[in-house]
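Dear colleague,

Please find the structure below, together with its sequence. My notes on what was found follow it.

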Amino acid sequence: MTLNRLIIELQKLQIRGEGRSFVTVDKESLWDGNDSWVICDVKSVEAKTVNIADDDGGMAVTSKGYERTKRCIVFKGGN
């Protein structure tokens, strides 16, 4: 993905109201299978809701018992 394409994709997300979302990277999409992470092209940019883990690795919940989530922008690689 070129810088110009990335800017266009990010502007689309901003227009949809995602301007204050955190930016994250999908590490599994960068894994090469040989015990190392690689530098690779960004293939997609999308808005996603992800679950938040608590201190013991389980799903974090609110005081009302709902799972905690956060909205973020995810960059995915090509592997």
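I begin with a pair of charged side chains. Glu46 and Lys76 form a salt bridge, with their closest N and O atoms 3.5 Å apart; the term stands for a side-chain nitrogen of Lys or Arg within 4 Å of a carboxyl oxygen of Asp or Glu. Glu46 belongs to strand S2 and Lys76 to strand S3, so this pair ties together parts that are 30 residues apart in sequence. Helices (H or I, at least four residues) and strands (E, at least two) are DSSP runs, numbered from the N terminus. Glu46 is partly exposed, at a relative accessible area of 27%, and Lys76 is partly exposed at 23%. Here buried means under 20% relative accessible area, exposed means over 50%, and partly exposed lies in between (1.4 Å probe, protein chains only).

Before going further, please note that this is a predicted model, in which local features need pLDDT of at least 70 and side-chain atom pairs count only at pLDDT 80 or more, while totals for chains, interfaces and linings use all residues. Residues are numbered from 1 along each chain as its sequence is written, and side-chain values use heavy atoms, with hydrogens and water left out.

The salt bridges come to four by this rule. Two of them involve Glu9, which lies in helix H1: one joins Glu9 to Arg5 (2.4 Å, N to O), and another joins Glu9 to Lys12 (3.6 Å, N to O). Why can these side chains reach each other along the helix? Glu9 and Arg5 are four residues apart in helix H1, which means a separation of about one helical turn. Glu9 and Lys12 are three residues apart in that helix, again about one helical turn. Glu9 is buried, with 18% relative accessibility, whereas Arg5 is partly exposed at 36% and Lys12 is partly exposed at 44%. Through shared partners, salt bridges join Arg5, Glu9 and Lys12 into one network. Glu9 also touches Met1 and Val45, leaving aside residues up to four places away in sequence; contact means heavy atoms within 4.5 Å.

The next topic is the sheet. Its three strands form an open sheet in the order S1-S3-S2, with mixed pairing; two strands pair if DSSP finds at least two bridges between them. Strand S1 (22–26) and strand S2 (42–51) are the edge strands, each pairing on one side only. On average, neighbouring strands are turned by 35 degrees against each other, direction ignored. For this angle, axes are lines fitted to C-alpha atoms (for helices over the stretch in contact), and angles run from 0 to 180 degrees between N-to-C directions. S2 and strand S3 (residues 69–77) run antiparallel and are joined by nine bridges.

Finally, which residues make up the largest nonpolar core? The six are Leu6, Leu13, Val45, Ala47, Ile73 and Phe75. A nonpolar core is a set of buried Ala, Val, Leu, Ile, Met, Phe, Trp, Tyr and Cys residues joined through side-chain atoms within 4.5 Å. Helix H1 (3–18), S2 and S3 each supply at least two residues of this core. Val45 stands opposite Phe75 in S3. Not counting residues up to four places away in sequence, Phe75 touches several residues, including Leu6, Leu10, Val23 and Val45.

Yours sincerely
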